[in-house]
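Colleague: Hi! Could you walk me through this model, please?
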Amino acid sequence: MAFRRRSTSGSKPQLKEKVVQIYESFFKGEDVSKDNDNFWDEFFLLKPKISYIETEMEKLSIEQLITLQDNIRLLFIKCITAFECQHQLRIIFSLKTLTCLVSSLYKKFRINPTFEFISILVIPKDTDMVFENLLGKCNIMLREPECVVVKDLCLQFLLTIVTGTDNLNENPALRHLMSNSVFEPLTEVLSNNIYRTYHGYDSILLLTLLMNVETAKKTNPYVVKLSLLDKEDTLNGYSQIIRWSLEEICQQYRSEEIAQYSNNTWFNTFTSVVSNMLFVPDTIEEHNIELPQEIRSMSGILIALYEAVHYNRNFMTTLTHCHSSNNYELHPSVMQQTQSVTNNPDLKSPSDNQFSNLLVTFFQYCSIVMQDTKTEANANNSMLCFVILSSITDDQFANSLMHDVNLQFKVDLYRSPTRRYMFVPDKSPKPLAAALLDLMIEFMLGHMMKKLPLDQYMKCISIIHRIICYQKRNSVRLCYNWKDLWSSLITVLKFLMTYEHQLSQDINIYDLGIQIVNIFNLFITYGDMLLPSPSSYDELYYEIIRMHTVFDNIYVLSSRNSSAISEHKLSATKLSNCLINIRAIINHYIPKIDNWLEKNSVTTPVGEEILEVVRNNYDTLTLKLLLDCLGSFESNKSNHDLSSSSLIKLMVSKVVKDTRQSLKHSNTDLQQILQNFSLYTNPS
């Protein structure tokens, strides 16, 4: 230690750390290693003063940085050289110093994009060689059985580079990560049970961001490698990290839900019961649901899941793979996103949930995030969930897993207590396709509002359509209460018809009507191949007849707009054409029922009596085969790329900013690492 000069006031001399003295000389442009051959070995044994480096770098102008570039280049090279040391503390301190140095230069670059900061770090002609050496050493640190802290800091350093700019494609350093891939060591981390616990989240986040970098060759090497990845342990590790992250969100939401209920008074309960009794289904209501910030910040994990299901067909095998949660420990990066879950006896810890899988947890997460679609961030997360579900339901193997009667799981879908409708899903174990239908019904009934999220409704109905198309192609009879689905679809149609004037000013309600009506057309035409019993087919006709006024009014509405000059004329015409068979059923059975009522002197028939009329008059019913209306979804891999690419780009930018904000380079962070250094030993 050294002393400052004694002040004129006679105060005691202030202590100054040795490393600070070195920094002062460094930023003055002096040769800090002069006359000391062992200087750098000694320097990297001194705890770096990260805040001092950040403060001094922030003070410097670009011209001053250029003046200091010789010292900065020397420090950059010596940090890389220190990676070869056997002393773990030297590596830790060099990584922290290097990360702080690079992060500070990126701050300058974000303010002034013309600033060529890489030339400050490296002599331009040596850039490729130096970065190849740097990333090669990062590969080694991630692969070899290094100290867990070293791996963690190495990942933080790489994330600092990747998140240096808001737009990944404007980051000049990423071309080196494209040509010097870190894909293999990251996937090896995911394959290792121990390393996956500590580093899995950061590894997946880094992979996700690198896969979204546009390259000059239009082919991202990380996307190519992910699409070819077929190692079962790696894919399961990838799936497990995503499930853990989503599971923490579900538990936190459950914790807050319990806390909210515990604060309710008897008066709140009473008013809730009364409002449920007075609920009118077609009333427009905007739900004031405020999701916790942590739930809204899971974009990185969602994009990782999207990349996996979109590019790697082998990943579908992991969707229903039951992960063991024994010895589960939250990685610090996960904690930054989700925070700790409240210790509540009503909540299960991950180790208690031995038989869950990614698809179950994802459905539960969707039921949370889809509750609030009013803000842009929440709407984007919700929409991405729909895109992921579309990719899953478009895959033949994934559909076979979801319809396998031997794979039944209990899926607890979360519901907002402010929503008042009668649909209550069966909570017993069921095939995952049935749970997905419950989720889609929950969304449909919960978002009938003035600002209708049309894109999400279209995705929701298309997912239902894909499930039914799979069942039709493979003659699968899913044991499900289809009446819930039919009544929900009719409720949405009734809502569209009732508030057509307000809704049609902003959106095309007829396209949504077409999708809904086509689902009914699928059941009418192929019900004998889809429905579990003949009585289910009778119930379909019963629902159509019971709610015939909704279909009649929709037909009148679409016919009126198809004959008038309207921007939605083509869609309205198509909708009226799609209703041909439904109207044929209504026009056929309504007179039959009226005659039966008159003949039997019955004024208020019961359901079984109407069903009997339906069964006795199938023979005289004439229907048309509406091939154009039935629709058959082709591979989603090419069709939805364009519609989802802009959403992914938008969300990736947010992930970059959130990740950069969460990365810590402070002294307190370093002190925490040193205090726990003894705990971070080599896993055996």
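Modeller: Happy to! Let's begin with a cysteine: the sulfur of Cys 250 is 9.1 Å from the closest cysteine sulfur, which sits in Cys 366, and that is too far for a bond.

Colleague: What counts as a disulfide, and how many are there?
Modeller: A disulfide is a pair of cysteine sulfur atoms within 2.5 Å. By this rule the count is 0.

Colleague: Is Cys 250 buried or exposed?
Modeller: Cys 250 is buried, with a relative accessible area of 3%. Buried means under 20% relative accessible area, exposed means over 50%, and partly exposed is in between (1.4 Å probe, protein chains only). Cys 79 is buried as well, at 0%.

Colleague: Where do these numbers come from?
Modeller: This is a predicted model, where local features need pLDDT of at least 70, side-chain atom pairs count only at pLDDT 80 or more, and totals for chains, interfaces and linings use all residues. Residues are numbered from 1 along each chain as its sequence is written, and side-chain values use heavy atoms, leaving out hydrogens and water.

Colleague: New topic: how many helices and strands does the protein have?
Modeller: The protein has 35 helices and 4 strands. These are DSSP runs numbered from the N terminus: helices are H or I with at least four residues, strands are E with at least two. Of the 684 residues in the protein, 55% are buried.

Colleague: Which residues of helix 8 meet helix 9?
Modeller: Among them are Leu 134, Cys 138 and Met 141 in helix 8, while the helix 9 side includes Val 150, Cys 154 and Leu 158.

Colleague: And at what angle do the axes of helix 8 and helix 9 cross?
Modeller: They cross at roughly 140 degrees and come within 9 Å. Here axes are lines fitted to C-alpha atoms, for helices over the stretch in contact (heavy atoms within 4.5 Å), and angles run from 0 to 180 degrees between N-to-C directions.
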